[in-house]
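This report goes through the elements of one protein and then looks at selected helices and residues.

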Amino acid sequence: MRQARWLVPWKDSGEKPAIYHCISRVVDRRFVLGDDEREKFRIFMRMQENFSGCRVLSYCFMSNHFHILVEVPRRPAQLPETQEVIRKLRHLSGTATSAELARQQIERFRKAGDAAAERAFCERICALMWDVSAFMKLLKQRFSHWYNRQHTRKGTLWEERFG
């Protein structure tokens with residue numbers, strides 16, 4: 001059974017930000033991250049940063065692993081309004097597809113008069129924000145999908161969860 005990820009004890013205090021040094025290696029420690037791959041990873045990292053509310057303070061991409069220093073702000077007591085959630089989804093996808101699907105789902109909830117379902121839907125999206133584990137998971141997944149398509153391969157790209 002996996003152990004829970006260690007998070008700084010003051011992550012929700014509001015007194016100081018939680019800062020994490022995250023690292024992840026390519027499976028078999030192969031040297032596969034060339035200039036094109038590093039640039040695409042950087043683009044995905046910035047998109048994830050815009051969506052999540054986390055801030056990348058510094059990063060270093062090597063040929064077979066990367067380091068990221070991430071500042072994770074405290075989750076706000078008041079979650080963003082629906083329109084803000086949709087706007088943030090546009091940052092994550094780079095296209096309007098995800099945001100448009102979310103907007104259509106919200107419209108269906110509104111037509112049905114189901115405000116509770118609309119709020120629960122937005123809260124599920126917001127659960128991916130202000131969280132170092134979600135930040136890293138989505139970043140690595142997105143890059144892996146892109147990399148596998150580019151190199152006509154299947155399977156995992158990363159050795160394990162980030163450290």
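A crossing of two helices is left-handed if the near helix is turned anticlockwise from the far one by less than a right angle, and right-handed if clockwise. The model is predicted, with pLDDT of at least 70 needed for local features and 80 or more for side-chain atom pairs, while totals for chains, interfaces and linings use all residues. Residues are numbered from 1 along each chain as its sequence is written, and side-chain values use heavy atoms, with hydrogens and water left out.

**Overall make-up**

The protein has five helices and three strands, in the order β-α-β-β-α-α-α-α from the N terminus. Helices (H or I, at least four residues) and strands (E, at least two) are DSSP runs, numbered from the N terminus. Of the 163 residues, 39% count as buried. Buried means under 20% relative accessible area, exposed over 50%, and partly exposed in between, with a 1.4 Å probe and protein chains only. Contact means heavy atoms within 4.5 Å. Among contacts between residues at least 6 apart in sequence, 69% join residues at least 24 apart.

**Helices α3 and α4**

Two packed helices are described by the angle between their axes and the distance between the axes. Axes here are lines fitted to C-alpha atoms, for helices over the stretch in contact, and angles run from 0 to 180 degrees between N-to-C directions. Helix α3 (residues 97-111) packs on helix α4 (residues 115-126) at about 155°, with the axes 8 Å apart. The crossing of α3 past α4 is right-handed. On the α3 side, Ala102, Gln105, Ile106, Phe109 and Arg110 take part, and they meet Ala117, Glu118, Phe121 and Cys122 of α4.

Beyond its neighbours within four places in sequence, Thr82 touches Ile106, Arg110, Glu118, Arg119 and Cys122. Its side chain makes a polar contact with the side chain of Glu118 at 3.1 Å. A polar contact is a pair of N or O atoms within 3.5 Å; within protein, one must be able to donate a hydrogen and the other to accept it, and residues adjacent in sequence count only if both atoms are side-chain atoms. Thr82 is buried, at 6% relative accessible area.

The expected span of a helix is 1.5 Å times one less than its number of residues.

| Helix | Residues in helix | Span, first to last C-alpha | Expected span |
|---|---|---|---|
| α1 | 18 residues | 25 Å | 26 Å |
| α5 | 19 residues | 27 Å | 27 Å |

The buried residues of α1 include Phe41, Phe44, Met45, Met47 and Phe51. In α5 the buried set includes Phe135, Met136, Leu139, Phe143, Trp146 and Tyr147. The buried residues of α5 pack against β1 (18-25), α1 (35-52), β2 (55-61) and β3 (65-72). At the start of α5, a side-chain oxygen of Asp131 comes to within 2.8 Å of the backbone nitrogen of Ser133.

**Positive phi**

Most residues other than glycine have a negative phi. Arg29, not a glycine, has a positive phi of about 55°; this residue lies in the loop between β1 and α1 and is partly exposed at 45% relative accessibility. Thr152, in the segment after α5, takes a positive phi of about 45° and is exposed at 75%. Just after α1, Gly53 has a positive phi of about 85°.
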